[in-house]
Amino acid sequence: MSSLSLQGYVRGQVQGVGFRQATVRQANKLGISGWVRNLPDGSVEVMLCGEEPALEAMTAWLRAGPDAASVDAVELTGCAWQEIAGFVQL
């Protein structure tokens, strides 16, 4: 298996609904490292680093988000590998 990094945005009703905290919990379950942060435009930015199957599972989870969220779009692109310890909120 190969390790990959993805960076991108989640758009919709994703701020003020526990999205970042739920993202941290899900990433930790899947063994993904990286970070999540709110952006001024109301979207959430993510950096995901891990094995391909885990990233596929995380991408599917991001498309739904936690119960209180309403995700309109997930836009992720591959990027250079990032050596990040754990998964955190910025």
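Which residues in α1 meet which residues in α2? In this predicted model, Phe19, Ala22, Thr23, Gln26, Ala27 and Leu30 of α1 meet Ala54, Ala57, Met58, Trp61 and Leu62 of α2. By class, this contact has 9 nonpolar, 2 polar and no charged residues. The structure also holds 3 salt bridges.

**Packing of the two helices**

- Two packed helices are described by the angle between their axes and the distance between the axes.
- For α1 and helix α2 (residues 52–64), the angle is about 155° and the axes are 10 Å apart.
- The two helices are therefore roughly antiparallel to each other, since an angle over 145 degrees falls in that class.
- The crossing in which α1 passes α2 is right-handed.

- Gln26 belongs to helix α1, which spans residues 19–30.
- The relative accessible area of Gln26 is 16%, so this residue counts as buried, the limit being under 20%.
- When neighbours within four places in sequence are left aside, Gln26 is in contact with Met58 and Trp61.
- Met58 and Trp61 are both among the α2 residues that take part in the helix contact.

- Side chains of opposite charge can pair when their charged atoms come close.
- Arg11 forms a salt bridge with Asp41, with 3.5 Å between the closest N and O atoms.
- Arg11 lies in strand β1 (residues 3–13), while Asp41 lies in the loop between β2 (33–38) and β3 (44–51), so this pair ties together parts that are 30 residues apart in sequence.
- Arg11 also meets Glu75 in a salt bridge between their side chains, at 3.3 Å from N to O.
- Because Glu75 lies in strand β4 (residues 70–79) and Arg11 in strand β1, this second pair ties together parts that are 64 residues apart in sequence.

**The salt bridge of Glu45 and Arg37**

- The side chains of Glu45 and Arg37 form a salt bridge with an N to O distance of 2.8 Å.
- Glu45 is buried, its relative accessible area being 5%, whereas Arg37 is partly exposed at 30% relative accessibility.
- Elsewhere, salt bridges that share partners join Arg11, Asp41 and Glu75 into one network.

**Leu48 in strand β3**

- Leu48 lies in strand β3 and counts as buried, with a relative accessibility of 0%.
- Neighbours within four places in sequence aside, Leu48 is in contact with Leu4, Ser5, Leu6, Ile32, Ser33, Leu55, Met58, Leu62, Leu76 and Phe87.
- Among these partners are Met58 and Leu62, which also belong to the α2 side of the helix contact.
- Leu48 and Gln82 are 34 residues apart in sequence, and their C-alpha atoms are 8.7 Å apart in space.

- Val74 is found in strand β4 and is buried at 17% relative accessibility.
- Apart from neighbours within four places in sequence, Val74 is in contact with Tyr9, Val10, Leu62 and Arg63.
- The C-alpha atoms of Val74 and Gly12 are separated by 9.2 Å, and the two residues are 62 residues apart along the chain.
- Gly78 is likewise found in strand β4, but Gly78 counts as exposed at 59% relative accessibility.
- Gly78 touches Ser5 and Leu6 when residues up to four places away in sequence are not counted.
- Gly78 and Phe19 are 59 residues apart along the chain, with 22 Å between their C-alpha atoms.

Terms used
Residues numbered from 1 in each chain as written. Predicted model: local features only at pLDDT ≥ 70, side-chain atom pairs only at ≥ 80, totals over all residues. Heavy atoms only, no water. Salt bridge = Lys/Arg side-chain N within 4 Å of Asp/Glu carboxyl O. Helix = DSSP H or I, 4+ residues; strand = E, 2+ residues; numbered from the N terminus. Buried < 20%, exposed > 50% of the residue type's maximum accessible area, 1.4 Å probe, protein only. Contact = heavy atoms within 4.5 Å. Axes fitted to C-alpha atoms, helices over the stretch in contact; angles between N-to-C directions. Parallel < 35°, antiparallel > 145°, perpendicular 65-115°, else oblique. Left-handed = near helix turned anticlockwise from the far one by under 90°. Nonpolar A, V, L, I, M, F, W, Y, C, P; charged D, E, K, R; others polar.
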